[in-house]
Amino acid sequence: MIENLPSYIGFVFGTTTLLTVWLFYQATRSSVTTLTLLIAWLTVQALVGLSGFYTVTNTLPPRFLLLVVPPLLFILGLFLTKPGKEFLDSLDPKMLTYLHTIRVPVELVLFWLFVQGQVPELMTFEGRNFDILSGLTAPFVAYYGYDKQKLSPIALLIWNFICLALLINIVTNAVLSAPFPFQRFAFDQPNVGVLYFPFVWLPGCVVPLVLLAHLVSIRQLLMRKNEKELV
């Protein structure tokens, strides 16, 4: 854990992570298997993070890959297999959209970490990170897009693509600001905060679930659009 870090920062982020998992669990229509897998993954990464394993950054390949690659491979497997596709198509798109509201507290945590000298300014909403806009607009998009059905599939697709681009932007800047051999930004204040527990959950769980929520929503919206065109 990060020494002398105000306890409220870790508490807010830990709560945000659990909220992310709960919202995704709701999107699965209460799949106990999914919830069990997510909790198991969080537990494993918590133990690894507490050991300081990820703070060693001078190795090639970076140890950090063990945190981010497994979730990405799992997501890829969902999109490439029949059972995976059936699972994706069963997810509730409204809850997946509400899930993006967690991006607001995530951005607040990143700002607090910047103030504490743990991440660079470019990773905050005062720098190159505009991801907070996704979180602020998500409840309105979910309400008017799914509860009231006032937004067309095209409008929902546009929102998802824009927010996906914002996610890719911050992830790219975060990776290139970390103290790895291929670091390109923020040499005066590298991105070290996410190498410690509980913040390892950000790249290891929160970001993959946010990414998956966008990809699933886009998949389902494109299927809806194609079905309407065939009618």
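**Loop residues, a helix pair and a buried serine**

Arg29 is exposed, with a relative accessible area of 52% (exposed means over 50%, buried under 20% and partly exposed in between, with a 1.4 Å probe and protein chains only). The structure is a predicted model, in which local features need pLDDT of at least 70, side-chain atom pairs count only at pLDDT 80 or more, and totals for chains, interfaces and linings use all residues. Residues are numbered from 1 along each chain as its sequence is written, and side-chain values use heavy atoms, with hydrogens and water left out.

Arg29 is placed in the loop between H1 and H2; helices (H or I, at least four residues) and strands (E, at least two) are DSSP runs, numbered from the N terminus. Although Arg29 is not a glycine, its phi is positive, at about 65°. Ser30 is also found in the loop between H1 and H2, and its phi, near 65°, is likewise positive in a residue other than glycine. Ser30 has a relative accessibility of 39% and therefore counts as partly exposed.

Cis peptide bonds occur at two prolines. One joins Leu60 and Pro61, with omega about -5°, and Pro61 belongs to the loop between helix H2 (32-50) and helix H3 (65-80). Another joins Phe197 and Pro198, with omega about 5°; Pro198 lies in the loop between helix H8 (153-177) and helix H9 (201-230).

Helix H1 (residues 7-27) and helix H6 (residues 103-115) have axes that come within 10 Å and cross at roughly 155°. H1 is therefore roughly antiparallel to H6 (angles over 145 degrees count as roughly antiparallel, under 35 as roughly parallel, 65 to 115 as roughly perpendicular and the rest as oblique). Axes are lines fitted to C-alpha atoms, for helices over the stretch in contact, and angles run from 0 to 180 degrees between N-to-C directions. On the H1 side, the contact (heavy atoms within 4.5 Å) is made by Tyr8, Ile9, Val12, Phe13 and Thr16, and on the H6 side by Pro105, Val106, Val109, Trp112 and Leu113. The residues of this contact of H1 with H6 comprise nine nonpolar, one polar and no charged (Ala, Val, Leu, Ile, Met, Phe, Trp, Tyr, Cys and Pro count as nonpolar, Asp, Glu, Lys and Arg as charged, and the others, Gly among them, as polar).

Ser134, in helix H7 (residues 132-147), counts as buried because its relative accessibility is 0%. Leaving aside neighbours within four places in sequence, Ser134 is in contact with His100, Arg103, Trp159, Cys163 and Leu166.
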